[in-house]
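Work through the following exercises on aromatic rings with the structure open beside you. Try each task before you read its solution.

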Amino acid sequence: MTEAGLVLEGGAERGIFSAGAIDYLMEQGIEFAYSCGVSAGACNAVDYAAGQIGRSKRAFLPETPDMRMAKLSAIPGQHALIDMDMLFDDFPNRRIPFDYDAYFASPIAVEMVVTNALTGKAEYLDDRSDRKRMMDICRASSSIPVFAPMVYLDGVPYVDGGVGDSIPIVHTLRKGYRKNVVILTRRADYRKKEPSRAEDAFYALCFRKYPELLRAMRRRHLIYNRELDLVEKWEAEGRIFVLRPEMEEVGRLESDVEKLSAFYDHGYDLMKERMDEMMTYLGQ
């Protein structure tokens with residue numbers, strides 16, 4: 001699939017739906033030329049490029065209670081509600097090893113979406129030589145404002161890629177990939193709501209030193225909903241292939257093991273069910 005792209009939306013724990021879908025793709029030996037992932041989707045994208053079947057599922061659904069607690073408790077010293085050190089150091093380097101060598105040698109091009117906190121704009125990054133920097137880019141893409149601290153790359157602060165570009169299909173098309181499979185983590189009827197007054201006031205307090213980031217956060221629902229409209233339009237026209245949940249989604253920080261497992265299975269089963277349809281689209 002030398003001209004096909006794979007776009008992976010984020011959504012924190014909802015990313016386990018995409019993990020199921022990419023596991024089936026990997027089992028079938030399906031390799032896209034390019035993958036662009038956002039936040040949890042960036043984590044899925046690098047596991048997909050490395051060919052590590054089941055690794056994303058293990059990361060979204062850790063085996064032990066202390067690993068699951070990484071996503072539930074305030075972390076002393078990190079100023080975070082999520083233990084980013086465990087997720088992006090302990091997991092990939094020890095507990096759930098990430099195959100850096102396979103990733104660096106992979107023919108699949110990957111870009112992870114991050115949001116520059118100084119400009120409020122999305123950037124699309126990767127690193128195929130430096131293990132720490134590569135994982136720091138993935139961490140930055142997943143650093144949900146308020147829930148996790150900013151990540152500095154080359155001295156520049158970055159936050160979750162979803163603030164700047166939640167569904168990077170336009171970017172992927174601009175890269176030259178004309179056939180694209182988009183995996184979303186929300187059902188078709190979802191639209192993002194405008195921040196409440198209380199939320200807006202809280203964001204203003206937290207990010208008063210980053211006016212462009214604050215502006216991007218205030219406009220995020222408009223940009224995201226516009227992207228969803230484009231996705232629906234291009235899907236109806238047959239320009240892109242879209243896989244999205246058809247059952248109730250899990251919460252962003254869902255901890256129920258049964259719910260997470262069911263959502264993973266749903267992504268896997270839907271991808272399996274629609275594989276022939278996807279291959280027909282890609283072969284047209």
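**Aromatic rings in a predicted model**

In this predicted model, one aromatic cluster is formed by Phe98, Tyr100, Tyr103 and Phe104.

**Exercise 1.** Describe the pair formed by phenylalanine 32 and tyrosine 48, and locate both residues in the chain.

*Solution.* A pair of aromatic rings is described by the distance of the centres and the angle of the planes. For phenylalanine 32 and tyrosine 48, the distance is 6.5 Å centre to centre and the angle between the planes is 55°. Planes under 30 degrees apart would count as stacked and planes over 60 as edge-to-face, so this pair is tilted. Phenylalanine 32 lies in the loop between α1 (15-27) and β2 (34-38), while tyrosine 48 belongs to helix α2 (residues 40-50), so that the pair links distant parts of the chain, 16 residues apart. Both phenylalanine 32 and tyrosine 48 are buried.

**Exercise 2.** Classify the pair of tyrosine 190 and tyrosine 224, and decide whether each residue is buried or exposed.

*Solution.* The ring centres of tyrosine 190 and tyrosine 224 are 6.1 Å apart and the planes stand at 65°, so the pair is edge-to-face. Tyrosine 190 has a relative accessible area of 19% and is therefore buried, because buried means under 20%. Tyrosine 224, at 3% relative accessibility, also counts as buried.

**Exercise 3.** Which ring does the charged end of lysine 179 sit over?

*Solution.* The charged end of lysine 179 sits over the ring of tyrosine 281, at 4.4 Å from its centre.

Technical notes
Residues are numbered from 1 along each chain as its sequence is written. This is a predicted model: local features need pLDDT of at least 70, side-chain atom pairs count only at pLDDT 80 or more; totals for chains, interfaces and linings use all residues. Side-chain values use heavy atoms; hydrogens and water are left out. Rings of Phe, Tyr and Trp (its six-membered ring) pair if their centres lie within 6.5 Å; planes under 30 degrees apart count as stacked, over 60 as edge-to-face and the rest as tilted. Helices (H or I, at least four residues) and strands (E, at least two) are DSSP runs, numbered from the N terminus. Buried means under 20% relative accessible area, exposed over 50%, partly exposed in between (1.4 Å probe, protein chains only). A charge sits over a ring if NZ of Lys or CZ of Arg is within 6 Å of the ring centre and within 35 degrees of the ring normal.
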